[in-house]
Amino acid sequence: MKCPNCSGRDIGKIGTNQYYCWSCYIELSISNGQLHLHQVESDGSLSSLDDLFTEDERQIDL
């Protein structure tokens, strides 16, 4: 898997269908064949980054 944000491949699994990019520090989750990207805020909450990417960029082939 390649991070759609930084194109890095240093991605670790943190849960069921949840991944973390160690290059750009964003959380990725997979739902219905699409990646959903979130930025982890300083208070631990997540902010969606999905609006920054097209559906094609977030599509994943399993």
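The legends below describe close-up views of a predicted model.

**View 1. Tyr-19 in strand β2.** Tyr-19 belongs to strand β2, which covers residues 18-21. Its relative accessible area is 15%, so Tyr-19 is classed as buried, the cut-off for that class being under 20%.

**View 2. Contacts of Tyr-19.** Leaving out residues up to four places away in sequence, Tyr-19 touches Met-1, Ile-11, Gly-12, Lys-13 and Ile-14, and also Ile-26, Glu-27, Leu-28 and Ile-30. Strand β1 spans 11-15, and Ile-11, Gly-12, Lys-13 and Ile-14 are among the residues that Tyr-19 touches. Strand β3 spans 26-31, and the contacts of Tyr-19 include Ile-26, Glu-27, Leu-28 and Ile-30.

**View 3. Tyr-19 and Ser-48.** In sequence, 29 residues separate Tyr-19 and Ser-48. The C-alpha to C-alpha separation of Tyr-19 and Ser-48 is 14 Å.

**View 4. Asn-17 in the loop between β1 and β2.** Asn-17 sits in the loop that joins β1 (11-15) to β2. Its phi is near 60°, a positive value in a residue that is not glycine. The relative accessibility of Asn-17 is 39%, so this residue counts as partly exposed.

**View 5. Asn-32 in the loop between β3 and β4.** Asn-32 is located in the loop between β3 (26-31) and β4 (34-40). Although Asn-32 is not a glycine, its phi is positive, at about 55°. With a relative accessible area of 79%, Asn-32 is exposed, since the class begins over 50%.

How values were computed:
Residues numbered from 1 in each chain as written. Predicted model: local features only at pLDDT ≥ 70, side-chain atom pairs only at ≥ 80, totals over all residues. Heavy atoms only, no water. Helix = DSSP H or I, 4+ residues; strand = E, 2+ residues; numbered from the N terminus. Buried < 20%, exposed > 50% of the residue type's maximum accessible area, 1.4 Å probe, protein only. Contact = heavy atoms within 4.5 Å.
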